[in-house]
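Open the structure in your viewer and keep the selection panel at hand. Each stop below tells you what to select and what is there.

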Amino acid sequence: MGTDKLQFRSIDPSKLPKHFDAPEAEQRWDRFWEERAIFAWDPNRPRDETFVIDTPPPTVSGSLHIGHVFSYTHTDVLARYKRMKGLNVFYPMGWDDNGLPTERRVQNYFHVRCDPSAPFEEVLEVEPASAKQRKSHPRLVSRPNFIELCERVTVEDEKAFEGLFRRLGLSIDWRQQYATIDRHCRLISQRSFRDLYEKGHLYNRDAPTAWDVDFQTAVAQAEMEERSRPGAFHHVEFAVEGDTGRFVIATTRPELLPACVGVTAHPDDPRYQDLFGKNAVTPLFRVPVPIFPSELADPEKGTGILMVCTFGDQTDVQWWREEGLALRQLIGRNGTLMPVAFGNDEFPSADADAANRYYAEIAGKGVNQARKLIVELLRDPDGAAAVGGGAPLQAEPEPIEHNVKFYEKGDRPLELVPTRQWFVRLLDKQSALLAKGEQVQWHPKFMYSRFRDWTEGLNADWCISRQRYFGVPIPVWYRLDESGVPDYDGVLVAEPERMPVDPTTDVPTGFDEGQRDQPGGFTGESDIFDTWFTSSLTPQIGSHWSLDAERHGKLFPADIRPQSHEIIRTWAFYTIAKAMLHEDEIPWRHVVISGWVLDPDRKKMSKSQGNVLTPMPLIEKFTADGARYWSASARLGTDTAADEKVFKVGKRLATKLFNAGKFVLGQTAEVHPVQTELDRAFVAKLRGLIERVTASFEDFNHAQALSDTEAFFWTHFTDSYLELAKTRARGEAGDGEAERGSAVASLRLGLDVLLRLFAPFLPYISEEVWSWAFAVEKGESSIHRAAWPSAAELDGFDAPATEASFDVAVACWNAINKAKADSEVSMGREVEALTIAADAETLAGLEPVLGDVLAATRCRAHTLAADASVEAGSFAVREVRFAPKPD
RNA sequence: UGGCACGUAGCUCAGUGGUAGAGCGCCGCCUUGACACGGCGGAGGCCGGCAGUUCAAUCCUGCCCGUGCCAACCA
């Protein structure tokens, strides 16, 4: 026979290093994958063979933190699994460089501020600012120069991110890269605007809008957060016009008193029945304002009657609209009290001189300072609303803790400032949005409730304009009438073919540059889009929506959207909204939500607490596979502590694979089929593992898949099967070549299958061991392109007499090991003789695997004893005599 | 105040309507021809509390307590 001379493709273990050099291997394999384009998406394959990932574009101006490792690994594990399943994986990478975080970073880094009126400098020379420079005033640079600096910084930041992601082994197709500020994204984003405009989903409006006084830009509902802040109730006495009546309102914002435009109480409140319809007079400023009833006033709160100002909060806006109240805007865009004069139609007063005197005290001040000052003014009896009323401030302010709305990136409370803004109409589409959200499958399921709660609680349309610089320009111009006033209804939207445009430098069709800002001409919109307006298009950015119908058809909707839960209300929500508004579609079939990374003490990581972990040192210390192991051990949606112990376990697992691979592939033997009972039983067990792990992956449960694979590898493979088959594999058991070949064949099969099951989690070590022999043997140079193990693969193997053979062998081996441990002898000590007791049935089951057990335990002579008192399936070892310890 | 999630060994976490699991840590032993970046053995838990459903509850239901997140309350 010619075949019995055929040898397994083995390796010489002595030529391998003693220890796995992970840092070296990580760089080597990253290059290999890149050169061979292992992760390249093939545009020619059909949609049903494609798996599309809508990758989160990280904010590159933010610092790298361990959370990036965590959630991106979750995605990558799935990507690698799907690729091995034979799917054509589309796995792009985007960088979110657009917007405020970058601006802020540039401002700090170079110590500059953007001043649109500053002259453009052809060659801008700026260096990172020194501590000394930071003490002086920031340098003012033009908008184009500022944008140039933003681009300079983001290029550097992107490199850092790419470096991390490559080192981590993310199987990204780096040819599919985008940045949310690049030409392609500006184009898609502006086309999105045009499409929404044509469909009637957009409007612009001059109205009170949430405004950050530091960034000096409007902010959307989704970007607000509430922070608990100390405040105080101030009780202030008002008078009634033409009457002797007085009443006391309670307010936390006394500085808005000059902006008081009305007073309201609940219509059923018996205390204030006779006031409705009359005018109140404010103290200090003596402004007459209407008193009206409103269901929104709560008789239980404060004194039950309150002042309405332009604008203290959202309810003020509502009252202002519904009651048609005056507009007395006090707080300017920079957060200080604007100069106003009393004694005219806008700011009427019964005593303008006094009003102006009081106001002069607080004009130009910031909100906090103005509040302190006005409290003092309210102590002045002369300031009473009615003659002889005494000091308007009743008693001392009563301190309270209350929640105040902030821009999530801001440092001072939001103000409501009337400004012209663009909005996407969403409030009228809540139920349609909910239906779309329901069509998407959320993993874990309960995360849908976050989306639902947010959508149901929506209280404002989406404000998409920002008064900033580094972002996608809103592609519109406005006609100017003969007196130079913009016509905000006659909007000139750029044509799709001309996009992307910058209306501050490009000219609308039919006009020329000379007409810019001239009466009868046009003016360009200088606002940019909210970052989310672009980020909400990542599926379309990848699919080239509106540019390439064929590609779009293959890549949209995407299969999965991985993201974390805190941005469900922004990124997930807006993306669902866009897909619905553009094509009445869902943007992806599944949303895969990662939890948060907590610090080792299970506290939320935050910069202010200084407990943020940077990823590279952890990767250096525990290897990329170790870091991935930690990430992948966490179930979706579960907040997870960055516990070094878990990283360590991952690193240890990779080492174990290295060593096990070295042993298994180091065995030389003739090629024979798997035929010995123990080997067949092992293969049967392996089949069960493949089925369970595959099912877990299909169920988006990567953590279970990893845990099952790891447990099998450690418990069944290295700690038992490998030990039991070892002697036979080495040909030391005195069996024939067929038995030896069987052992080696099944050891290799076990290694082969386990490596492939581990490959999505531990791409480096699995590729390394794969490369030693399987790459050539299987004709697949990268394990990451190898077929995912299937039960069908094992169909050609003969079944064992009974699958229980494996467990019986292990139970007996464990019992003998325990006897050795109890006698404190090494596991390698030879046994001269022992008695193995078990019930008759168990004993019979042991027979076909007994040889391997005796060989593995180095047992020279044995007696089998049937003993019904021993529990079925287990063994008692008696009358053990150990050989003397060899010299 | 409401919604969601979580509460299991010292720590980090799995898990199941039928005698409770892993890793780390701890204790004892073993320098074994893949691996001391190992191996073997062991100790350690009224599965947050109280009720209910069930033959049987750590698991299902209700209430309570605690933790986290989200949202509301913001005069």
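Start at RNA strand B and select Thr 655. An N or O atom in the side chain of Thr 655 is 3.2 Å from a base oxygen of RNA strand B. That is a polar contact (a pair of N or O atoms within 3.5 Å; within protein, one must be able to donate a hydrogen and the other to accept it, and residues adjacent in sequence count only if both atoms are side-chain atoms).

Now colour by secondary structure. Helices (H or I, at least four residues) and strands (E, at least two) are DSSP runs, numbered from the N terminus. Elements giving two or more residues to the surface near RNA strand B include β9 (224–240), β10 (246–251), β15 (393–407) and α17 (644–666). Here a residue is near if one of its heavy atoms lies within 4 Å of the strand. α17 gives the most, with 10 residues.

This is a predicted model: local features need pLDDT of at least 70, side-chain atom pairs count only at pLDDT 80 or more, and totals for chains, interfaces and linings use all residues. Residues are numbered from 1 along each chain as its sequence is written, chains are lettered from A and ligands numbered from 1 in the order in which they are written, and side-chain values use heavy atoms, with hydrogens and water left out.

Stay with the RNA. Select Lys 405: a polar side-chain atom lies 2.5 Å from a base nitrogen of RNA strand B. Next, Ala 641. A backbone N or O atom of Ala 641 lies 3.3 Å from a phosphate oxygen of RNA strand B.

Select the 51 residues around RNA strand B; Ala 250, Leu 306, Asn 403, Arg 569 and Arg 602 come nearest. By class, this surface has 15 nonpolar, 13 polar and 23 charged residues. Nonpolar covers Ala, Val, Leu, Ile, Met, Phe, Trp, Tyr, Cys and Pro; charged covers Asp, Glu, Lys and Arg; the others, Gly among them, are polar. On the RNA side, 70% of the atoms within 4 Å of the protein belong to sugar or phosphate, and the rest to bases.

Move to strand β11, residues 260–265. Is it enclosed or open? 6 of its 6 residues are buried, so β11 is largely enclosed by the rest of the structure. Buried means under 20% relative accessible area, exposed over 50%, partly exposed in between (1.4 Å probe, protein chains only).

β11 and β14 pair in the antiparallel sense over 5 bridges; two strands pair if DSSP finds at least two bridges between them. Cys 260 stands opposite Cys 309 in β14. Thr 264 stands opposite Phe 292 in β13.

Last stop: salt bridges (a side-chain nitrogen of Lys or Arg within 4 Å of a carboxyl oxygen of Asp or Glu). The whole structure has 60. Select Asp 243 and Lys 278, whose side chains meet at 3.0 Å, N to O. Asp 243 lies in the loop between β9 and β10 and Lys 278 in the loop between β11 and β12 (279–281), so the pair ties together parts that are 35 residues apart in sequence.

Go to Glu 550 and Lys 554, a salt bridge at 3.7 Å, N to O. Both lie in helix α14 (residues 549–555), 4 residues apart, about one turn of the helix. Glu 550 is exposed at 57%, whereas Lys 554 counts as buried at 14%.
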